[in-house]
Amino acid sequence: MATSSDSPIDPTDPFTPSPLNRLLYGHVYSASVRAVAVHRIADHLAEGPRTVEDLAASAGLHAGSLRRVLRLLAMHGLFTQDEKGAFALTEAGGVLRTDVPGSQHAAVMLITHEMFHRAADGIPDTLRTGKTPFEAAYGVPFFTHLAGSPAEGELFDAGMAAMSGRVDELVAESYAFPGSGTVIDVAGGRGGFLRAVLSREPALTGVLFDQPNTVSDHLLDAEEVRGRWSVAGGDFFSEVPAGGDLYMLKHILHDWNDEDCLRILGAIRRAAAPGKRLLVVDAVLPDNGDAHPAVELDIIMLMLVKGRERTATEFENLLTRSGFKLNRILPTPSLPSIIEAEAV
């Protein structure tokens, strides 16, 4: 049904773009994005516009169904459709390609995976019980499940690396890292953030610390950081490498409840000498409850794990209880802030 752009929106009409309806059909959009990611349609469009018939033939798909999905995603800016019906990638859709810098293909495959959908389906019960939907659906905590499911564990690592790539650079550019010494990236995944930090400071060395199977697939084999890093595997709840001049925790504390955060921070405090610094890189919610992009991420935390996004006051409380003093909170051009603390 056509409506004038300046006509008032009737919230009782299920076919108008009201705030409710934009949320209501969200699963349709994410399922459509997953469909084109699964079949790597963006890769098939790398050389330029193609007709649906041509695309379908090369990808082994049903042309009529493909046209309908691409038409929807074109309405939302991922593709364009010309007067002859040929589709092409937009700049926004280009990151769905698997062969470009900054590719978000792995991120799409992770966020639209069945694990996330099953967890989301459990939110109604969570409002009643307070229990984590993922654990209710799968019978084990999220990270335990990943440890026992190699394929999904690899998907998680790849998806997180894809989402972190540009963020790593923006965060590294937002802090004056020391010109020498050793930084220890605790639970640093595959090492993208550590690589970004070491690339900026040629006399700095670093240690990537995480689960052994994660650090074994690291991203540190780059010429600009050659000879200035090492990897170590272990459990950050019990012990982390000692002797660091600066410790980093990027997007880690939001995965855990307060009790577990205190265990992680306690292990770092035992390893860090007084006066050594800790950088917690996480979103910081406004204390006054104002809108913030990390509120969406907070619902993902609710779905998957026992963690949550926190305010500055909540972070300061955790740090103080763990033997650290909050120095300052620095914004970055990306979602997370840099929370600088000092061991006391």
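**Notes on the predicted model**

1. Helix α15 runs over residues 258-271, and its 14 residues should span 20 Å at 1.5 Å a residue; the end C-alpha atoms are 20 Å apart, which agrees. Please keep in mind throughout that this is a predicted model. The buried residues of α15 are D260, C261, I264, L265, G266, A267, I268, R269 and A271.

2. The side chain of D258 meets that of R310 in a salt bridge, with 2.9 Å from N to O. R310, at 1% relative accessibility, counts as buried. The pair is also part of a network: D258, R308, R310 and E314 are joined by salt bridges that share partners.

3. Helix α12 covers residues 150-172, which makes 23 residues. From first C-alpha to last, α12 reaches 30 Å, close to the 33 Å expected at 1.5 Å a residue. Where is the kink in α12 centred? The kink, of about 45°, is centred on S164. S164 is also one of the buried residues of α12. Others buried in this helix include E152, L155, F156, G159, V167 and D168.

4. Which residue pairs with D168? K250 does, in a salt bridge whose closest N and O atoms are 3.0 Å apart. This pair links distant parts of the chain, as K250 is in strand β6 (residues 246-250) and D168 is in helix α12, 82 residues apart. Are the two partners buried or exposed? K250 is buried, because its relative accessible area is 11% and the limit for buried is under 20%. D168 is buried too, with a relative accessible area of 6%.

5. The structure holds 16 salt bridges. One further example is D54 with R50, where the closest N and O atoms are 2.9 Å apart. D54 counts as partly exposed, at 36% relative accessibility.

6. The second largest pocket contains about 320 Å³ of space. Its lining consists of P14, F15, T16, P17, N21, R22, Y25, V28, Y29, L72, M75 and H76. The elements giving two or more residues to this lining are α1 (19-24), α2 (26-38) and α5 (63-75). By residue class, the lining divides into eight nonpolar, three polar and one charged. R22 is the charged residue of the lining, because Asp, Glu, Lys and Arg are the types that count as charged.

7. A last item concerns D125, which lies in helix α9 (residues 123-129). D125 is partly exposed, with a relative accessible area of 43%. How far apart are the C-alpha atoms of D125 and H292? They are separated by 25 Å, and the two residues are 167 residues apart along the chain.

Definitions and conventions:
Residues numbered from 1 in each chain as written. Predicted model: local features only at pLDDT ≥ 70, side-chain atom pairs only at ≥ 80, totals over all residues. Heavy atoms only, no water. Helix = DSSP H or I, 4+ residues; strand = E, 2+ residues; numbered from the N terminus. Expected span 1.5 Å × (residues − 1). Bend = angle between axes of the 7 residues up to and from the residue. Buried < 20%, exposed > 50% of the residue type's maximum accessible area, 1.4 Å probe, protein only. 1 Å grid on protein atoms, 1.4 Å probe; cavity = no way out; pocket = protein on both sides within 12 Å on 5 of 7 lines; lining within 4 Å. Points joined across faces, edges and corners; volume = space filled by probe spheres on them. Salt bridge = Lys/Arg side-chain N within 4 Å of Asp/Glu carboxyl O.
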